[in-house]
Amino acid sequence: MSNRNWFYAADGQQKGPLPETQLRDLIARGMVRADTLVWTEGMAGWQKAGEIPGLVPGSVAAPVYPRAGGPPPVVASASYNGGALSADFPIWGLFGRTLLMVIGQFLVIPAPWTATGLYRWATPNIQVPGRPNLGFTGQPLDIWYVFIVLGLMAYAGLADSTLLSLLSLVLQAFLQWMIVRWFISRLSSNGQDLPISFKGSAAVYIGWYLLMVISAITIIGWAWVLTAWMRWICRNIEGSRREITFNASGLDMLWRTIVFTIGCAFLIPIPWVLRWYSNWFVAQFAVVERSGFVSV
């Protein structure tokens with residue numbers, strides 16, 4: 001098939017034709033993945049690139065059945081329309097970047113750079129179905145004041161004032177809401193900004209944050225509050241033909257967090273349990289077609 005022209009599906013649309021050498025270049029760059037739908041003359045219909053013999057290195061190929069004429073309409077498979085996110089964070093990279101962010105927050109002034117550095121490093125290690133080469137384009141000075149104030153808030157607990165502690169909780173929640181909005185608005189795919197944004201209100205976000213703090217009194221109730229909070233955040237991400245879901249249960253969140261906390265208490269396992277927990281947490285998010293959307 002080396003002399004044939006290929007079509008591939010991206011964002012529900014047909015791309016191509018392009019020579020196989022160019023298609024292989026896209027595969028090497030991660031723009032066409034094993035689960036991307038492709039078609040060339042002689043195939044009965046669109047198939048995943050990983051099912052084409054010899055096209056994607058390391059993939060298990062399925063038979064290619066002949067067909068005459070032009071490509072059929074793109075009908076996205078379930079894995080193309082959506083599916084769970086995944087992550088494979090390098091152990092020491094994740095640990096080092098996280099530790100650096102904590103130190104930056106403690107020192108206050110470096111906080112915008114250490115936090116943004118973690119986001120920019122971690123995001124490309126997350127795989128989203130249909131969104132190759134995920135990236136984060138935010139810069140340290142975009143909302144530098146937010147990270148500076150958050151760093152200062154860490155010292156608010158030193159003051160012996162109940163009122164100040166309560167006010168600091170509300171302020172921390174508001175600042176984290178600003179970070180969520182900023183982070184989501186700076187996501188990119190293949191070097192192009194994604195047209196998505198977070199539309200959840202600050203007041204509701206603060207309410208969830210305070211409920212989370214209060215639920216900690218119950219010892220275990222916070223896990224169910226957190227899962228409901230994550231689902232609320234997902235429902236308020238707009239601008240995409242697909243919606244984001246959070247699929248973990250409260251029990252899943254509870255026991256894994258307990259294991260993570262115990263591992264951290266022994267210090268030495270921290271890099272490994274941090275990676276295990278982070279990979280799992282990312283995998284609880286998924287993208288699915290919005291109700292009423294018709295793929296073309």
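## Helix packing: H5 and H6

In this predicted model, helix H5 passes helix H6 in a left-handed crossing. H5 covers residues 144-153. H6 covers residues 162-185. Their axes lie 10 Å apart, and the packing angle is about 150°. Angles over 145 degrees count as roughly antiparallel. H5 and H6 are therefore roughly antiparallel to each other.

## Helix packing: H9 and H10

The crossing of H9 and H10 is left-handed.

## The largest pocket

How much space lies in the largest pocket? The volume is about 2200 Å³. The lining holds 50 residues. Closest to the pocket centre are Tyr119, Phe183, Met230, Phe281 and Phe285.

What is the make-up of the lining of the largest pocket, by nonpolar, polar and charged residues? Nonpolar residues number 38. Eight residues are polar, and four are charged. Helix H6 gives the most to this lining, with six residues.

## Sheet E5-E14-E13

Three strands make up an open sheet, in the order E5-E14-E13. Its pairing is antiparallel. Strand E5 (83-84) and strand E13 (242-246) are at the edges. Each has a single partner strand, so one side of each is left without a neighbour in the sheet.

Strand E14 spans residues 285-289. How many bridges join E13 to E14? There are five, and the two strands run antiparallel. Thr245 has its bridge partner in E14, at Ala286.

## Sheet E8-E9-E10

Another open sheet has three strands, ordered E8-E9-E10. The pairing here is antiparallel. Which strands stand at the edges? They are strand E8 (134-136) and strand E10 (192-193), and each pairs on one side only.

Strand E9 takes in residues 187-189. Three bridges join E8 to E9, and these strands run antiparallel. The bridge partner of Phe136 in E9 is Leu187.

Terms used. Residues are numbered from 1 along each chain as its sequence is written. This is a predicted model: local features need pLDDT of at least 70, side-chain atom pairs count only at pLDDT 80 or more; totals for chains, interfaces and linings use all residues. Side-chain values use heavy atoms; hydrogens and water are left out. On a 1 Å grid over the protein atoms alone, a cavity is a set of points where a 1.4 Å probe fits but cannot get out, and a pocket is an open set with protein on both sides within 12 Å along at least five of seven lines; lining residues have an atom within 4 Å of a point. Grid points are joined across faces, edges and corners, and a volume is the space filled by probe spheres set on the points. Helices (H or I, at least four residues) and strands (E, at least two) are DSSP runs, numbered from the N terminus. Ala, Val, Leu, Ile, Met, Phe, Trp, Tyr, Cys and Pro count as nonpolar, Asp, Glu, Lys and Arg as charged, and the others, Gly among them, as polar. Two strands pair if DSSP finds at least two bridges between them. A crossing is left-handed if the near helix is turned anticlockwise from the far one by less than a right angle, and right-handed if clockwise. Axes are lines fitted to C-alpha atoms, for helices over the stretch in contact, and angles run from 0 to 180 degrees between N-to-C directions. Angles under 35 degrees count as roughly parallel, over 145 as roughly antiparallel, 65 to 115 as roughly perpendicular and the rest as oblique.
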